[in-house]
Amino acid sequence: MNQHARLDERPIPFIDVAAQRRRLGAAIDQAIARVLAHCQFIQGPEVRALEAELAAFCGARHVIGCSSGTDALLLVLMAWQVGPGDAVICPAFTFHATAEMVALLGATPVLADVAAESFNLDAESLERAVATAKRLGLRPRAVIPVDLFGLPADHDAIAAVAAAHGMLVLDDAAQAFGATYRGRKLGTLATATATSFFPAKPLGCYGDGGAVFTDDDALAARVKSLRVHGESPNDKYDALRIGITGRLDSIQAAVLIEKLKVFPEEIVARNAIAARYAEGLADVTTVPRAGNESTSVWAQYTIRLEPGRRDGLAAKLKEQGIPTAVYYAKPLHRQEAYRGFPVADGGLPVSDMLAGEVISLPMHAYLERPVQDRIIDAVRRALAG
Ligand SMILES: Cc1ncc(COP(=O)(O)O)c(C=O)c1O
């Protein structure tokens, strides 16, 4: 085997956090050192600076940094006083944190189906889920659309159904911050938006982190209070309500400020890679497309195969050092914790179908062209075989 062949068989990381670290390492090390020097580890100046920069980036009036994407969802639901007797409609094909906070607060997640092309909440199934909730005697309070894999949901269609039923919309943009829908950035499309800065996300920190985005002044004030034990804005030792410890820390904010500087460039790179994947694979498999006049940040590049072909493809790619992942083999209604919750009238056939078809390929902004070619070529050969 010659040297060239050996290089061609090097294992490829699925998401290469280290490649970005090599590019930004010194700037991030200095940003962290500044926090270590001033010692304001909690709610330090970096948190306020990051919140202002994120607001400028996406156009939201308020940004509230918090401890994770899950806590961002929780804080908004707590601020809305969602609780027992309330129904919150969630797509069944998502990461389970979307519905988890609804259930934690004693409300009922009602699971709706998704559209196969976008992987995202289907407005007709949402309408049926509202009917299901009412039939069960629940108050339909809110809907949580998810922008799965970085692809924006059909926010206008979802907002129309929500408005018709007096429901609030909490966008779970954990996988999609930076994406756009009809010319607007996520963070501005719903009553409130939650995102995650988990390290593997398109904009990730070096630990856990998240943020809430909203244009609603009263909601922002409640979320700010709730993230610090329900404190009063005038006296932190006077609790106005029951809250949590839901803050983003200064070191994570410092990391994110540095990463935000290159984020627009990284989004361009991710889109270029997605375009090359689509060009190389569209004739052998179903490739994802950002519909609804939207752009994706490609948190995942998820293709669809005929049922029964996925394991074979994953095994052949693995032999060649190419990792894959399946998001999600079990939609929520197939998971033990969510089996007892209602599903929209009409069932969840698309969620079940996608669970058997989807497989995600390596995707990150630093995936070089020869590596992209190696992946495309390997997928084509595996599917031809
Ligand atoms: C769709 C979705 N919602 C919520 C979350 C929760 O985010 P975190 O891990 O920051 O709590 C995730 C994280 O993977 C997610 O993918």
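This is a predicted model, in which local features need pLDDT of at least 70 and side-chain atom pairs count only at pLDDT 80 or more, while totals for chains, interfaces and linings use all residues. Residues are numbered from 1 along each chain as its sequence is written, and side-chain values use heavy atoms, with hydrogens and water left out.

Q: Where does the ligand sit?
A: A molecule sits in a pocket if more than half of its atoms lie within 2 Å of the grid points of that pocket. A pocket is an open set of points on a 1 Å grid over the protein atoms alone, where a 1.4 Å probe fits, with protein on both sides within 12 Å along at least five of seven lines. By this rule, the ligand sits in the largest pocket.

Q: At what distance from an oxygen atom of the ligand is an N or O atom in the side chain of Lys201?
A: A polar contact is a pair of N or O atoms within 3.5 Å. A side-chain N or O atom of Ser196 is 2.7 Å from a ligand oxygen atom. For the side chain of Lys201, the distance to an oxygen atom of the ligand is 2.6 Å.

Q: Is Ser296 buried or exposed?
A: Ser296 is located in the loop between strand E10 (294-295) and strand E11 (301-304), strands being DSSP runs (E) of at least two residues, numbered from the N terminus. Buried means under 20% relative accessible area and exposed over 50%, with partly exposed in between (1.4 Å probe, protein chains only). Because its relative accessible area is 2%, Ser296 is buried.

Methods. Polar contact = N/O pair within 3.5 Å; in protein donor to acceptor, adjacent residues only side chain to side chain. 1 Å grid on protein atoms, 1.4 Å probe; cavity = no way out; pocket = protein on both sides within 12 Å on 5 of 7 lines; lining within 4 Å. Helix = DSSP H or I, 4+ residues; strand = E, 2+ residues; numbered from the N terminus.
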